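Trainee: I am new to this structure and would like to know what the labels rest on. Can we go through a few of them?

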Amino acid sequence: MKIIERYPAGLKAFHGKGIWSLLYPLRSVLSFFYDIYLSSARGKSVPFAAGIVKTNEGAKGNAPFVISIGNLEAGGGGKTPVTVALAGMIRDSGGSAAVVTRGYGSVAEKKGLPVAVYSRVPVAEGDRQVTGSPADRGTDRAGDIPGHTTDSTLFEESVFPGESKRAAMTRIVGDEVMIYRSRMIPVVIDSDRNRGIALAAKLYSPTHVLLDDAFQNHSVRKDVDLLLLDAQKPLGNGRLLPAGTLREKPEAILRADIVILTRSVSRMAGPRIGKYLAGKPVFFSKHIPAGLVARDGNRVPDAVLKDRRAAIFCGIAKPDSFEGTVVSMGVEPAVSFRFEDHHRYCREDIDFMSANSPEDSVFITTEKDWNKSVDLFPGDIDLFALRMEVDIAGKEKLLPLIGFQE
C-alpha cells in the first residue's frame with residue numbers, strides 16, 4: 001500500500017520531519033513552560049478540580065449523572081466511539097444519555113453560545129414525548145435560556161451559498177457531533193460545560209450527561225472521570241506538548257476514576273502505566289469494524305468490493321489505525337492518503353486523490369471524513385464510510401460505576 005501524506009508544513013514541523021526536526025529544541029523549551037502553565041491552572045481550579053471534589057449529585061435528586069470522557073494524549077484516543085458505546089449501554093440499561101461537547105473547530109464553538117443539536121427521534125420530557133421540528137422544540141423548551149440557539153437556527157445563519165446541507169452541518173456543528181447526531185444521541189455544544197450540562201438537562205431530561213473531552217477541564221462538576229489510554233502506546237512518546245503528544249504528565253492518570261485501555265489486543269496493562277493504575281477499575285476495549293456504508297446510508301455488501309481496486313483516505317490523528325482496520329476487513333488498498341486531523345476537504349483534494357489512484361477505484365474513508373467529502377465526489381464514484389463500534393470487555397461491571405444499581 002502506497003502512503004501519500006498531504007500534511008501542511010506546520011504539521012510536518014510538529015512531527016519533526018526533515019529540516020523541521022531542527023525545531024525540536026524550541027519545542028522542548030515550550031513544553032517546559034507548558035508544564036508550568038498546567039501546574040498554575042490546576043491550582044486555580046478549586047472547587048471542582050477532578051480528583052479533589054466529586055459531587056455525586058447524579059446519584060441523588062434529579063440531576064443527571066455526569067461522566068467525563070477524556071484522553072491523556074492529544075487526539076486519536078477513541079473518545080467518539082467510546083462515547084457512542086456508553087450512550088448505548090445507558091440506553092440498554094433503561095437510562096438516557098445526552099452529550100455535551102465544545103464542538104472542536106466548529107462554527108458553533110466560534111460563536112461561543114450554547115447550541116442544541118437535536119437527534120432524529122423524539123426526546124423525553126417527563127412522561128410524554130416531544131415531537132415537531134428541531135426549531136419548534138428548541139423555541140418551546142428553551143426559549144428562556146439566554147443566548148441559546150438550535151442547530152436549525154444556526155444552519156440558517158451560517159450556510160454558504162451553494163454549500164451542501166451535509167457539508168454545512170459538519171462545518172457548523174463539528175465532525176464528532178455529526179456522528180452523535182447520526183446515532184440519534186442528543187448533543188449540546190458549549191465551551192462552558194456547566195452551562196451545557198444545565199441546558200442538556202432542561203432540553204432532554206437525560207439520566208446521564210457524557211462530557212466529550214473534559215478530563216483536563218477542572219472547573220466543571222463531574223461524578224466520574226473516565227480516562228481513555230491507547231493500549232498500544234498509552235503515553236504517546238512520553239513528552240508534553242508541543243515536544244510530544246501528551247496533554248499532561250503521566251501522573252495525571254491518578255486523577256481518573258475509571259480507565260479504559262482502547263485498541264487492546266490483550267487484557268494486560270503495560271509496565272509503563274501499571275504503577276498509575278493500582279486500585280483503579282480498568283477495562284479493555286477494542287475497535288470493531290461494523291461494515292461499510294454507502295451514500296444512501298445502507299450497508300455495502302461484500303460482493304461490491306470483489307475485484308475492485310481501493311483507495312483510502314482520512315484526516316484523523318492516527319491514520320495507521322484506520323489503515324490497519326481496512327486491511328483487517330480483507331481489503332487491500334492500493335494507496336492511502338493521509339490528511340491532518342479535522343481536515344476540511346476541497347475540490348482540489350478530491351481531484352488529487354482521483355488522479356493518484358488506480359482507475360475505477362472505490363474510495364473508503366472514516367465517518368468523520370465522509371461527512372466532509374461525500375458531496376465533493378462525482379456521483380459515479382463509489383465512496384464508502386467505514387462505521388466503527390467499540391466493544392468494552394466486562395462492561396456489565398462498568399454499569400455500577402456510572403450510576404446504575406447492581
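Trainee: Which exposed residues does the face of H11 turned away from its buried side carry?

Mentor: Asp320 and Ser328. Keep in mind that the model is predicted. Exposed means over 50% relative accessible area, so both residues lie above that cut-off.

Trainee: Which residues of H11 are called buried?

Mentor: In helix H11, residues 319-328, they are Pro319, Phe322, Glu323, Thr325 and Val326. Buried means under 20% relative accessible area, so each of these five falls below that value.

Trainee: What covers the buried residues of H11?

Mentor: The cover includes strands S1 (2-5), S12 (282-293), S13 (310-314), S14 (335-338), S15 (362-366) and S16 (383-392).

Trainee: Why is Glu389 called partly exposed?

Mentor: Its relative accessible area is 47%. Buried would need a value under 20% and exposed one over 50%, so Glu389 is partly exposed. Glu389 is found in strand S16.

Trainee: Which residues does Glu389 touch, not counting those up to four places away in sequence?

Mentor: Glu389 touches Lys286, His287, Ile288 and Ala290. A contact means heavy atoms within 4.5 Å, so Glu389 meets that limit with each of the four.

Notes. Residues are numbered from 1 along each chain as its sequence is written. This is a predicted model: local features need pLDDT of at least 70, side-chain atom pairs count only at pLDDT 80 or more; totals for chains, interfaces and linings use all residues. Side-chain values use heavy atoms; hydrogens and water are left out. Buried means under 20% relative accessible area, exposed over 50%, partly exposed in between (1.4 Å probe, protein chains only). Helices (H or I, at least four residues) and strands (E, at least two) are DSSP runs, numbered from the N terminus.
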